[in-house]
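Morning, everyone. Let me put the structure up, and then I'll walk through the chains and how they touch.

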Amino acid sequence: MTSALELVNLRKSFGQTEIIRGVDLSIPKGERHAIIGPNGAGKSTLFNLITGRFPQTAGVVELNGQDLAGKAPYEINRLGLSRSFQITNIFPMMTVFENVRCSLLWSRGYKYSFWNLVARSNDLTEAADAILEQINLTARRELPAGVLSYAEQRALEIGITIAGGANVIMLDEPTAGMSHSETDYIVELIRKVTENKTLVMVEHDMGVVFGLADRISVLVYGEIIATGAPEEVRANPRVQEAYLGAAMEAH
Amino acid sequence: MRKSTKLGLSAALAMAISATAGFAENIKIAFIDPLSGPFATTGTNGLAEWNFAAEELVNKQGGVLGGQNFEIVEFDNKMSGKESLVQLQVAIDAGIRFIAQGNSSGIAGAITEAVNKHNRRNPGDRVLFINYSAVDPALTNDNCNFWHFRFDANADIKMDALTDVMAKDDGIKKVYLIGQDYSFGKAVAAAAVRDLGNKRPDVEIVGNELHPIGKVKDFTPYARKIVASGANAVITGNWGSDMVGLGKAIIEAGFDGPIYTYYAASNGITRTFGEAGKGTINLVAEGALNPPASDRMAAYVTAFEAKYPDHDITQSRIANAVEMLAKAIDAAGTADDVVKVAYALEGMEHESIWGGKLFMRPQDHQMIQNVHIQEHTNENIEFPLDNSEFGLRAVSTVEMAAMDSPTTCKMDKP
Amino acid sequence: MSNASTNSRILFGQPVSVLLPWIIAAIILLILPVFLGSRSQLTILSQMGITIVFALAYNMLLGQGGMLSFGHAVYMGLGSFMCLHVMNATWFGALPLPLLPLIGGFFGLIFAFIIGSFSTRKAGTVFAMISLGIGELFAALVLIVTVFFGGEEGISGYRDEGLPFFGIEFISNLEVYYLISIWMFVAVVLMYLFSRTPVGRMANAVRDNPERAEFLGYSARWVRFASFTVSGFFCGVAGGLSAILFEIATETDLNVTASGAILLITFLGGVGFFWGPIIGAIVFTLLATVLGLQTHLWELYLGVVFVGVVMFFPAGLSGIIMSHVPALKTGKLGTLVMPYITCVLPGVIGGLGIAALVEMSFHVRSGAADEHEMTLFWIDFSTHNVLPWVVPLVIAVVGVGLAVRNAPAFKAAWDNASTLPEAA
Amino acid sequence: MDLFFVNIIDGLVFGLLLFMLSSGLTLIFSMMGVLNFAHASFYMLGAYFAYQISTVIGLGFIGGLIVAPIIVGVAGAAIERYGLRRVHQYGHVPELIFTFGLALLVQEVVKFFWGQNQIAYFEPEWLNFALFSIGQNTIEAYKVFMILISMLIFGGLLYILTKTRIGMIIQAALTYPKTVEALGHNVPMVFMGVFGVGTALAGVAGVIAGPALGTFPGMAFTLGSIVFVTIVVGGLGSLRGALAASLLIGWITTFAAAYNFEFRTILLAFGLEEPANIWDSGLRDLWTLTLPQIGPILPYILMVAILVFRPHGLMGKREV
């Protein structure tokens, strides 16, 4: 059985500086995997490499056994990978409902059609409403997404990300900038919506990471220094030395 | 009193003045030309001349048909063909039977075509098109029709007169042709090549080129070419800022031969050329202000300058058109049946206020008249232009220019 | 259009509330000639209809796709020229005139397809500048390629040489009005429906956030390209209608000024609502045609109004109208009447006073030397008396002063009317 | 060969004139992201103000050259402060449309106050003589004066941008507009200043170009879009790019106007046969086409090509 995501010797340089210095990582299907690491370790860059936002300098990214080299974000998305962003990235002038509905269009086969009317497609409306229900935004259905609260926008972002039914979900710091209660709410949400899917997330909040992840990879200076179950990683002396110690103290 | 009237909102949309022709005392002439936008200067100037001519030459003389006055109704076509057609439609709906337009041969072409269609489709309210300034020869040749009358000398006639004069000047050996890249510019160049070839085969045409209209920011490179070509005369049909830019650049580049032009006067152009243009700028046109042809004409111009200090009489044919239209309406005995008026205009002979005879050639409705070559100078100028000391002075005259010139016009007459 | 979640009656499978505006519009189009039936009025109405199609097609890019085009008249103009060439072709006699706009649309689509294939790669400034370059290029080509464009005179033809359509030859302006109205209605419906299709919806998404749209499986470039091509089609239809109405196409149809005008119209009407450009087209045509008959300074006023709208009401006229909806919903629209009378009305009157002063000084400067009489707002007076200057001055000062003084009260009333009372 | 040198000089004059406009515009564009459509309108205002000051008020040409740009700059800063900044919150498209409307409005206002005609704004007497001549072509002293003024401005601008603190901030803002704000500089103030200076530069260009190219209400329109072309071709945020592109376009348009190259030469070289009766041929426009006919649209072709193949322009650091 192929893994959901397979990174082989992945490298990325900006000019002279090598940010990602040979990452090897294999994430099996159905796993919840967290990538942690100190600031500037290259987590977001790694994310952007996987999702096709940047081209890699060297190495291979495989999604369900398929090489992603040279593919544009929309092509990668069509292969079943969906992501969220560190900075909220929604369609602010469209309604909440429209936001979700747009994210359903491609996967439901509507593609570039201009002979279907979206309002007439009951399957779209029902699916979008179901997702709104899942992310608890039904009451906000007709509001422009730009006026939602921060936590609601983050929830909507997750809704958009999972709506297309991708089997690999990548979340970039889903709880950044949230209060404790909001974080708890989002963690529950993530747990709920990624049921039976592969989840890859970057996260700073160790509580979230250890509560949610099946396995954790630690990225330091563009290299993965440890991968394993939360307890293994916590016990790994290199990790403690490089990163966790300080982070745990601060916690 | 106001002679120039504007149609109100009601007129345009609520049709308040529909079919007022029945009880109107005045005979209305629709003036359709640019009154806003970049070309408004020529438009407003023409409007002033129309208003003045109607007042002085018709209304103050007792009107036509025993006391009806001319009234000029202004329509702003914004120099757009389509807008002109809309305004034409409004004018026709307002019961106006005479359409005057002059700026741009392209628009004149659109109007003459629209008038032709309208008259064919609506025999009940036909109109006449008085073209007072558009000089594209096609309008009285291939594109002629019975409803169109041209009071200006067309580009070919002017060139014919100009080359008559140039042919006598042995100093001219090399001529440079330059013009705007559109129908009129091309017509001027073609006529110059043809006429010079006929009259002075020894004259060499050292340059014949077109530049984009209204797009050239700096004319210096053109001027350099002209100087380098060794030309001793330049012919151009340029107008507006293209004329000023070209003329100034040529003079500044050190050229001292004559520049023969069609439209290098008034509207700020004369003042801009000033001293530099003296002895260089020449212009070919019907009607000349200097020297005055008669006391009557001098009084007319003086009165105009007093009334419109910011305008000059640059389109003397407007006075001709007004006088001849009045005469034709009187002769036809009606201002409503334009067919009769048109037949009265055809072949009409008239003594122009500017001196000389006028003859509306029946074959093509092209006015035949005296054409003058005039120089830009400040000597012996009785009527200067642009409130400067400079003006135009006739130096030679071609009588009844191109009287027997051929025409390709085939007219369907009702 | 509102989402019909209420249990209203159903017609043609649609709630009546959704169809009602369309039905009303159709009835208005049908009976308008009864009231405005002269040839010129019909011509102006037809012109309005063409502008509506063009403006809506333009708004597919500007409002719905977030693409600012400075050369969009090219597609309408080319459609127009193509249709005139068809009208001059020998086989035109076999073509019913009502089908002609389809040909215009087809060519608009083809040209948009070609140009869009490289210009829609990027949105924003790149797209805007390419469109400007293309616009300038075609405007220049019109005068150079005389074989096709006919130079300055353009190309003209006869609409009544087509195959009679159920006996109609389209000679009279009324027949042409109905032809254009029907085409306009169909085009508007189609454009509205387009905005409801998946690709139309994604155009909004790409406008808002192209990157996010890419991560939803859509290529932003393809979405833009699709909108651009469809917009080109409707521009071409507008061009075809224009060919029918005016029977002529000239350089002024596709030069940069024409492209600028449609931007002005669309923005004036408001890009945020589907029907905004319709308002813009109606208002602009009226301003240009009617105000143009009233004053030589209409462009000055248009400039002031335009800059004012961009500065204070960026959502355009439709935005102003729709900003009353919250007050309507709270049921407090009535409370705005007095503030309107005390603030907006004096402001408008003051503005007219200023306009009167402008008109008078213009008249003094550019009128004939002995002509002191002028007419403004149906009042005759002499510009050489003092009183006619004092009156508008006082009106302007008092009007604007009142407006400024009462502005805070207006704003307070507005805010009060637009918000529901806090739940206690 | 004489003609070639003359054209080099003429192209230089026009190119430097373009640079005075494009340098200000590229600063404004790069920092604020505003494609200022009204930039050429400030150029026109410069010419008209200079006419008013030098001729009507009687301060002479130098008086106009000094005072007019200052007024234009102040007017520009005021428009930034009270107009553009207000519109800025709505986004880039309304901003652009605002400047578009402003350009229309300025043109109408100019027409209202100074009329439609070309006004009598001329070179000063003391510069109105032929300095030297190449072949039969004379070079006016005023042209050389224009070159000197432009060089002076370029030098001054270069000094300010590279040697002063404010220049450093501006340079940083050109490349990283967001970072400068993060560093705590008063960005609105910098914006207003840059807008004022940029428009003042356009004003200077107007003052010295008015007498040479004519002062009339359409002067902004004829030059307006070509200035955009210049900064897009030159590349965003690059003053040197703006200079290179200005000179390039200056020379392109000059040389295209100067040489009557005919396209039939190319067609014949391809072995095509010229139609016997050219005026009946469907391709007559192609056969009779000459370079000067298309000269003024060459910059647009260049721009479209640049945008399609090299979106960051000749020397730009980031995409348009």
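Chain A and chain B share no contact, and their closest C-alpha atoms are 34 Å apart. A contact here means two residues whose C-beta atoms, placed from the backbone, lie within 7 Å. Chains A and D are not in contact either, with 13 Å between their closest C-alpha atoms.

Some ground rules. This is a predicted model, where local features need pLDDT of at least 70, side-chain atom pairs count only at pLDDT 80 or more, and totals for chains, interfaces and linings use all residues. Residues are numbered from 1 along each chain as its sequence is written, while chains are lettered from A and ligands numbered from 1 in the order in which they are written.

Now the pairs that do touch. Which of the four touching pairs has the most contacts? Chains B and C do. There, 41 residues of chain B meet 34 residues of chain C. On the chain B side, at least two residues each come from α1 (9-14), α2, α3 (81-93), α4 (105-121) and α10 (295-307). The top contributor is α3(B), with eight residues. By class, that side of chain B holds 19 nonpolar, 11 polar and 11 charged residues. For the classes, Ala, Val, Leu, Ile, Met, Phe, Trp, Tyr, Cys and Pro are nonpolar, Asp, Glu, Lys and Arg are charged, and the others, Gly among them, are polar.

Next, chains A and C. Chain C puts in 23 residues and chain A puts in 30. Four elements of chain C give two or more residues to this side: α7 (173-195), α8 (198-208), α9 (210-214) and α10 (220-246). The largest share, eight residues, is from α8(C). The chain C side splits into 11 nonpolar, six polar and six charged residues.

Now chain B on its own. It has 12 helices and 15 strands. Those are DSSP runs, numbered from the N terminus: helices are H or I with at least four residues, strands are E with at least two. The radius of gyration of chain B is 21 Å, close to the 22 Å from the globule rule for 414 residues, so chain B is as compact as a globular protein of that length. That radius is taken over C-alpha atoms, and the rule is 2.2 Å times the number of residues to the power 0.38. The C-alpha box, along the principal axes, is roughly 65 × 45 × 40 Å.

Burial next. Of the 414 residues in chain B, 64% are buried. Buried means 20 or more other C-beta atoms within 10 Å of the residue's own, exposed means 12 or fewer, and partly exposed is in between, with C-beta atoms placed from the backbone.

Domains. Chain B divides into domain 1 (9-134 + 317-351) and domain 2 (156-290 + 370-398). The bounds come from an automatic or database domain assignment. The two centres, over C-alpha atoms, are 32 Å apart. Five residues of domain 1 contact five residues of domain 2. On the domain 1 side, helix α2 (residues 40-58) of chain B gives the largest share, three residues. That side has no nonpolar, four polar and one charged residues.

B:T407 sits in the segment after β15 (391-398) of chain B. Buried or partly exposed? B:T407 counts as partly exposed, because it has 19 C-beta neighbours inside 10 Å. Beyond four places in sequence, B:T407 contacts B:T140, B:N141, B:Q363 and B:D364. B:D364 is 43 residues away along the chain, yet its C-alpha atom is 7.0 Å from that of B:T407.
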